[in-house]
Amino acid sequence: MDNTRVYRMSFASVYPYYIQKAEKKGRTKAEVDEIIFWLTGYNEQTLQQHIDDKTDFETFFAQAPQINPNVSKITGVICGYRVEEIEDKLMQKIRYLDKMVDELAKGRTMEKILRK
């Protein structure tokens, strides 16, 4: 499967949808940001820089300070695929983020979402 189109999408173009999805279910932008910080190692300033620069997903994850070592604990189905079985590592990271935002919107506690 050719995922080039997804990799070239700017993170900034998708970020508002993550927030919108969470807020529709009574969650907050701060919680979405916390998930992103946990997954990537970015902080508020570096995340905002990527949003301002309209960084694509490929660069966003390539420049992530540190992918959380507990990502292997993220399991389940997103868009019809089991996240733990996705072979393309970049697509897997994108789907990890999608899965975590979905869990937030479904009302899971932050403690469970962040695999504590």
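Visitor: What radius of gyration would a compact globule with 116 residues have, and what does the protein have?
Guide: One note before that: this is a predicted model. A compact globule with 116 residues would have a radius of gyration near 13 Å. The protein has 13 Å, which agrees.

Visitor: And what does the C-alpha trace span along its principal axes?
Guide: About 30 × 30 × 25 Å.

Visitor: How many helices and strands are there?
Guide: Seven helices and two strands. Along the sequence the pattern reads α-α-α-α-α-β-β-α-α.

Visitor: What share of the residues is buried?
Guide: Buried residues account for 47% of the 116. The accessible surface is about 6,700 Å². Carbon and sulfur atoms hold 48% of that surface.

Visitor: What about contacts between residues at least 6 apart in sequence: what share joins residues at least 24 apart?
Guide: That share is 64%.

Visitor: Let's pick a helix. Which residues of helix 4 are buried?
Guide: Helix 4 covers residues 44–53, and its buried residues are Leu47, His50 and Ile51.

Visitor: Why do they line one face of the helix?
Guide: Look down the axis of helix 4. Its buried residues fall within an arc of 100°, so they line one face.

Visitor: What covers them?
Guide: The cover for the buried residues of helix 4 includes helix 2 (11–24), helix 3 (29–40) and helix 5 (57–62).

Visitor: Which exposed residues sit on the face turned away from the buried side?
Guide: On helix 4, that face carries Gln45 and Asp52.

Visitor: Now the ends. What caps the N-terminal end of helix 4?
Guide: Asn43 does. A side-chain oxygen of Asn43 lies 3.0 Å from the backbone nitrogen of Gln45.

Visitor: And what comes just after helix 4?
Guide: Lys54, with a positive phi of about 55°.

Visitor: Changing topic: where is Gln92?
Guide: Gln92 is in helix 6, which runs over residues 89–105.

Visitor: Is Gln92 buried or exposed?
Guide: Buried. Its relative accessibility is 7%, and the cut-off for buried is under 20%.

Visitor: Which residues is it in contact with, leaving aside neighbours within four places in sequence?
Guide: Gln92 is in contact with Val83, Glu84 and Ile86.

Methods. Residues numbered from 1 in each chain as written. Predicted model: local features only at pLDDT ≥ 70, side-chain atom pairs only at ≥ 80, totals over all residues. Heavy atoms only, no water. Helix = DSSP H or I, 4+ residues; strand = E, 2+ residues; numbered from the N terminus. Buried < 20%, exposed > 50% of the residue type's maximum accessible area, 1.4 Å probe, protein only. Contact = heavy atoms within 4.5 Å. Arc of directions from axis to C-beta. Polar contact = N/O pair within 3.5 Å; in protein donor to acceptor, adjacent residues only side chain to side chain. Rg over C-alpha atoms; globule rule 2.2 N^0.38 Å. Areas by Shrake-Rupley, 256 points an atom, 1.4 Å probe, with all protein chains shown as cover.
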